[in-house]
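Dear colleague,

Please find below the structure that I am handing over to you.

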Amino acid sequence: MKTTKQETIKTITLADGRTISIETGRLAKQADGSVVVRMGNAMLLATVVSGKEAKENVDFLPLSVDYQEKYAASGRFPGGFFKREARLSEYEILISRLVDRALRPLFPEDYHAETQVMITLISADMTIMPDTLAGLAASAAITISDIPFNGPISEVRVARINGQFVINPLIAEIQKADIDLLVAASMNDVVMVEGEMSEVSEQDMVEAIRFAHEAIKVQCKAQLELREVTGKEKRTYTHEKSDTALQEKIRKTTYEKVYALAKSGLPKSERHEKIKAVREEFAASLPAEEQEEKAFLIKKYFHDVEKEAVRTMILNDQIRLDGRKANEIRPIWSEVEYLPSAHGSAVFTRGETQSLTSVTLGSKLDEQMIDGAMFEGTNKFILHYNFPAFSTGEVRPNRGPGRREIGHGNLAMRSLKKVLPAQSVNPYTIRVVSDILESNGSSSMATVCAGTLALMDAGVKIARPVSGIAMGLITDGKKHAVLSDILGDEDHLGDMDFKVTGTEKGICGCQMDLKVHGLPYEIMLKALEQAKEGRLHILAEMNKTLAEPRADYKPHAPRIVYLEIPKEFIGAVIGPGGKIIQEMQRETDTTISIEEKGEVGVVEICSNNKAGVDMALQKIKGITVVPQVGEVYKGRVRGIQPFGAFIEILPGKDGLLHISEISWQRLESMDGIFKEGEEIEVKLIDVDKKTGKMKLSRKILLPRPERKPQE
């Protein structure tokens with residue numbers, strides 16, 4: 001550790017010799033905590049500020065985590081009119097969520113002051129993924145601050161490349177990985193996992209998490225050592241009012257009633273209404289002044305009773321809120337081709353969770369443009385997840401997708417992406433849209449199932465169907481229950497939300513959040529094995545509706561043809577100012593795009609009109625084909641001169657048919673021989689090597705007159 005008057009730097013050495021440094025004391029010193037984390041040329045500034053007091057009647061942690069990449073970090077200008085950083089991109093929101101989910105469980109349950117964590121990429125290294133450092137930076141800033149925190153934690157990326165696990169691999173290496181996970185943990189416990197895999201086994205996934213945790217322990221130890229040198233004394237706080245007598249009275253009066261309702265197996269809405277009635281009945285038994293004065297505490301303590309009753313009922317009676325066994329899946333029904341005008345569609349319903357999903361097939365022009373500080377390019381597979389308020393019977397203004405929607409959509413996208421066919425088989429840009437119409441747990445997994453069915457209905461040749469399931473956990477430290485296909489209440493009141501997606505061959509994606517400390521790896525593996533049983537059951541139900549992709553696309557879906565042409569012909573196809581390609585698109589009712597790749601140009605022709613695609617294909621082949629001496633062409637007369645005619649034998653390629661090559665008979669002039677636009681057959685007899693000018697003959701295709709005998 002290096003310490004000067006200005007700053008303190010702690011260095012961490014990875015197994016491969018690369019180093020990560022944590023610096024504090026130089027930048028942003030008015031924040032409650034600030035650090036700069038550096039790896040290579042990548043530098044992240046993390047700051048944390050927390051209010052001294054909590055707002056009135058707040059019983060949760062108002063934590064906001066924002067990760068932002070400055071374009072200057074990579075020497076780039078932002079796009080758009082204003083040329084400055086705007087709202088967070090989806091990529092930045094996803095990283096913010098990863099850090100938030102890792103930090104939130106480590107704050108004390110009774111700490112309710114508004115807290116803001118900001119992580120900024122201030123210098124980029126185009127070989128290093130900054131998301132692998134964001135959790136470390138945020139945790140280090142909180143750890144050295146005076147803010148109460150039961151950390152530290154850290155996040156690392158673990159990838160399996162050529163059979164070997166690697167911590168924080170380079171960007172180029174990630175492309176070769178069959179496991180790509182971001183894992184967050186404290187010294188003792190894993191708290192968050194998210195990532196994608198190429199149909200791997202449950203055991204391999206647990207080994208990857210275990211390997212990542214060992215690396216995280218080293219980073220947590222470094223933060224504790226940094227705190228010993230630079231850390232502030234943790235602040236004292238009192239953010240919760242208490243009334244022990246009221247708390248005990250609520251428990252004594254309502255617990256048995258809530259326990260009975262939890263065990264009743266009633267539908268969600270009916271159960272909620274009856275439990276709410278128990279709370280209102282208790283409140284009504286109090287004097288009017290006390291009802292108003294202690295309304296917040298009544299609600300809080302009653303929620304504690306509900307949580308205790310539900311958890312105890314599940315552990316003791318091994319019965320779920322809806323009457324199911326621990327490993328039982330809710331009833332499933334599904335339907336495809338529900339939307340006649342979509343290119344593919346499906347409805348997937350599991351219990352009280354329902355997704356209506358559509359698939360739209362588009363051309364290269366429909367690709368999503370990516371313009372970020374770290375990454376720029378295009379994306380050919382897009383998945384959007386929408387969660388309207390009516391899906392849970394609520395009234396809420398529609399303000400567009402929030403962070404939760406973006407995160408759920410990303411998990412479904414990463415899962416389905418693993419089974420998409422290669423571009424040579426599937427030339428389309430694909431947009432999948434999942435609209436959640438009902439929700440009572442695991443709507444993101446319903447999106448995966450509905451997305452699979454909709455893709456197959458659209459005729460997209462996915463490798464295998466993918467299903468998804470959300471697993472839960474209830475534990476009191478001695479007994480535990482692993483729950484398959486959890487309800488919303490089981491997620492809210494439970495200790496784990498573990499979403500797993502995969503095919504019959506293995507896992508494709510996962511997202512895990514843990515609220516309990518000390519979860520053994522054996523229980524994690526048990527949850528994964530139980531999830532596999534559930535996934536396969538769901539796949540079997542999906543197969544009853546549609547087991548494999550349709551043989552062809554829908555009649556109204558666009559048809560796409562790819563054609564490679566020599567690079568030197570790209571200009572000829574486009575024409576001056578785009579004249580030729582624009583005219584071609586009008587004539588053939590197609591959309592045509594050209595992309596230069598190495599020594600070739602890749603032409604994409606897209607249209608709902610197959611005849612138009614064929615016509616455009618022939619026109620482009622005509623422009624790009626190299627005329628061969630000796631070949632016969634059906635050409636069109638483009639111009640007539642006294643010495644012959646110019647014939648267009650291929651689009652944009654004219655040759656001279658000299659007057660002497662028109663007929664075996666000697667012609668004195670071109671008058672009345674041809675009309676412009678007339679089609680004639682000619683043979684290419686020569687091409688000038690210097691000028692490229694072509695000489696044509698028509699007479700060589702005509703019978704040669706016999707010579708008259710000499711008299």
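Predicted model: local features only at pLDDT ≥ 70, side-chain atom pairs only at ≥ 80, totals over all residues.

I begin with strand β13, residues 344–350. This strand is mostly covered, with 7 of its 7 residues buried. In a regular strand, side chains alternate between the two faces of the sheet. In β13, G344, A346, F348 and R350 point one way, while S345, V347 and T349 point the other way, and all are buried.

With strand β12 (residues 332–336) the pairing is antiparallel and runs over 5 bridges; here W333 stands opposite T349 of β13. With strand β14 (residues 353–362) the pairing is again in the antiparallel sense, over 7 bridges, and V347 has L356 in β14 as its bridge partner. β13 and β14 form a hairpin with 2 residues between them, and G351 in the turn has a positive phi of about 60°.

The next region is an open sheet of 3 strands in the order β23-β25-β24, with antiparallel pairing. β23 (559–566) and β24 (591–597) stand at the edges; each has a single partner strand, so one side of each is left without a neighbour in the sheet. On average, neighbouring strands of this sheet are turned by 20° against each other, direction ignored. β23 and strand β25 (residues 600–607) pair over 8 antiparallel bridges, and the bridge partner of E564 in β25 is V602. Helix α15 (residues 610–624) packs on the sheet and touches β23, β24 and β25; its direction makes about 0° with that of β23.

Finally, there is a helix pair to consider. Helix α1 (residues 90–103) and helix α9 (residues 403–417) pack with their axes 10 Å apart, at an angle of about 95°. That angle makes α1 roughly perpendicular to α9. On the α1 side the contact is made by E90, I93, L94, S96 and R97, and on the α9 side by R403, R404, I406, G407, H408 and N410. These residues of the contact between α1 and α9 divide into 3 nonpolar, 4 polar and 4 charged.

With kind regards

Definitions and conventions:
Residues numbered from 1 in each chain as written. Heavy atoms only, no water. Pairing = 2+ DSSP bridges. Helix = DSSP H or I, 4+ residues; strand = E, 2+ residues; numbered from the N terminus. Axes fitted to C-alpha atoms, helices over the stretch in contact; angles between N-to-C directions. Contact = heavy atoms within 4.5 Å. Parallel < 35°, antiparallel > 145°, perpendicular 65-115°, else oblique. Nonpolar A, V, L, I, M, F, W, Y, C, P; charged D, E, K, R; others polar. Buried < 20%, exposed > 50% of the residue type's maximum accessible area, 1.4 Å probe, protein only.
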